[in-house]
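The sequence and the structure are shown below.

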Amino acid sequence: MAHARRPLLSGLARAGALLAITLSQASAQGVAARPEITDAIQRLATEDAALQRQRFGDLAAVAGKPWLSAVPGELASVWRDVQWIVPGAAMRFQRGFCLAAKCQGTEYLVRYDAAAKQLEFVEQGAVQYLGRILEDGSVRMTGTGLLGVLTAETLRFDAAANVLHAEKHALRAATPAELAAATHGFVAAPAVQAPQAASEADLRAELAAMKAKVEALSKQVEQQQASAEEERQPRLTPAQAREAERRAQREAQAKAAEEKRLAAQAKAREEAERRAEARERARREAEAKAAEAKHLAEEKRAEATRIAEEKRAAAEAQKRAIAEAREAEVRRAAEERQAREDARKAAEAERVARAAPPAAAAKAPAAPAADGRYTTSSGYTLNVEFRGDVLVVKEPNKESPYRRTGPNFYEFTNPTNGIAYCMRVVDARTLEACKPGQAPGMGTRLTLAGDGAGVPSGERDRLERIARSYADRARTEPANTQAWSFCSLAAMSRATGGGQAQLLQAASALRSIATTPANPCPDAIPQAAWAAAQ
């Protein structure tokens, strides 16, 4: 009987080998018929290596072989396997790792999007990553979801060293057999393909016939093996047969229980891993939401603080402007009252002088100094006019009447702050500004600069009106007081014949504080003087 089984087993082996070769060949042919390979992808097919590198970057350079990084001792390994499906249009990309003989891996269809000029990594019908070709040819994989963002990587090929860099891993070219050994069979070694069948129909027919033949041969072998086993084993007594049957039942039950226990453990382990992953994902999402909420809250607080600060600054500026306007109004009203009173007194003095006898009129003193423009050694200028016993000091933004209290001595008290000032006549062209009680020569000297004699009357009146106009603006516009004061000073200097030096001095001072190169008061400062002032 053993002689009869030998040719039967040999035929079964040959049939099984032929069946494996045929299945492997069919599987290999099925790659080119994957549903993802559309007509659009087929139209992009090219054997031009330069165009392939332009579309797929360093992935085109490493296609056609697996790349492996293994730690000695089989503790850990990382691999990337890149194979063309349609050269220049689509490829298969597999990446994975093994740790302590436990391996995980994912396979993607990588297709070129000609419209967006980028790569799409497709898994289970969905785009999981987008690939961008960098300037050096490396490929940057960016995930489209939260998990994909965390597992993004950059693939760069070092042609000189023949090394594929995937983030921190350096992978070297390997054979399929080496990859299968490093992954403990997780990635299967390629099967040996038989010559391609004449046609798909012939292949299917031959395959069906072989399956039927193998099934028949298998049943026949099993029957012959069972008969041979029965012949070799001794006859059992009824009691021994029952015991053997009970033992077989117990072994079957124990095996079923063990398989059930292992299945329960595997299911529990998978459930625990799933829950841990869900908790980790929820934690990361919560942290991201908290960070975003904190950022938005900080932005809102900063905006509220800025608005409050702007409102406070505006309110402070408004209060300050109102206070300054009120103070200027009070000062102007007091000066006007004082001017009216001085004018009344001057008119009264003139009336008395006219009514006095000729002898008394002959004794009336003449003006102790000339009217006109006086200036200090530092360049400050003012207008002085003598009106009987009153010396009127005209500044760009105010007029101050000094009353004569002694020979060549005049005094004035500011009605706003109550501070007293005095003016001493030194000679016909020199005055001295002082404080009451101050010794002669200790004050500030003012020298006559011009009296307006060379300026036509109509021009002088026009320039004086311009000077008063800018003086009024200096009082009513606190933000530009200094600028309008210089404009008033320039106009008054021209009205009194102060000369080109004083005009250029005022223009230079105004230009030093101006925020634009334009002349703010061309009616007071001629454009030629503005251009000459530097």
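## Packing of helices 10 and 11

Helix 10, which covers residues 457-476, packs against helix 11 at an angle of about 165°, with the two axes 8 Å apart. Because angles over 145 degrees count as roughly antiparallel, helix 10 is roughly antiparallel to helix 11. Their crossing is left-handed. As the model is a predicted one, these descriptions apply to computed coordinates.

On the helix 10 side, the contact is formed by Glu459, Arg460, Arg462, Leu463, Glu464, Ile466, Ala467, Tyr470, Ala471, Arg473 and Ala474. Their counterparts in helix 11 are Thr481, Trp484, Ser485, Cys487, Ser488, Ala491, Met492, Arg494 and Ala495. Sorted by class, this contact between helix 10 and helix 11 comprises 11 nonpolar, 3 polar and 6 charged residues.

## Packing of helices 11 and 12

Helix 11 (residues 481-495) also packs with helix 12 (residues 500-513); here the angle is about 170° and the axes are 9 Å apart. Helix 11 and helix 12 are therefore roughly antiparallel to each other. The crossing of this pair is left-handed.

Helix 11 contributes Gln482, Ala483, Phe486, Cys487, Leu489, Ala490, Ser493 and Arg494 to the contact, and helix 12 contributes Gln502, Leu503, Ala506, Ala509, Leu510 and Ile513. By class, the residues joining helix 11 to helix 12 are 10 nonpolar, 3 polar and 1 charged.

## Charges over rings and aromatic pairs

The charged end of Arg473 sits over the ring of Trp484, at 3.9 Å from the ring centre. In another such arrangement, the charged end of Arg511 lies over the ring of Trp530, 4.5 Å from its centre.

The model has 11 aromatic pairs. Ring pairs join Phe93, Tyr108, Phe121 and Tyr129 into a cluster.

## The loop containing Gly441

Gly441 lies in the loop between strand 17 (430-434) and strand 18 (444-450). Leaving aside residues up to four places away in sequence, Gly441 touches Arg424 and Glu432. Arg424 is 17 residues from Gly441 along the chain, and the C-alpha atoms of the two are separated by 9.5 Å.

How values were computed
Residues are numbered from 1 along each chain as its sequence is written. This is a predicted model: local features need pLDDT of at least 70, side-chain atom pairs count only at pLDDT 80 or more; totals for chains, interfaces and linings use all residues. Side-chain values use heavy atoms; hydrogens and water are left out. Rings of Phe, Tyr and Trp (its six-membered ring) pair if their centres lie within 6.5 Å; planes under 30 degrees apart count as stacked, over 60 as edge-to-face and the rest as tilted. A charge sits over a ring if NZ of Lys or CZ of Arg is within 6 Å of the ring centre and within 35 degrees of the ring normal. Axes are lines fitted to C-alpha atoms, for helices over the stretch in contact, and angles run from 0 to 180 degrees between N-to-C directions. Helices (H or I, at least four residues) and strands (E, at least two) are DSSP runs, numbered from the N terminus. Angles under 35 degrees count as roughly parallel, over 145 as roughly antiparallel, 65 to 115 as roughly perpendicular and the rest as oblique. A crossing is left-handed if the near helix is turned anticlockwise from the far one by less than a right angle, and right-handed if clockwise. Contact means heavy atoms within 4.5 Å. Ala, Val, Leu, Ile, Met, Phe, Trp, Tyr, Cys and Pro count as nonpolar, Asp, Glu, Lys and Arg as charged, and the others, Gly among them, as polar.
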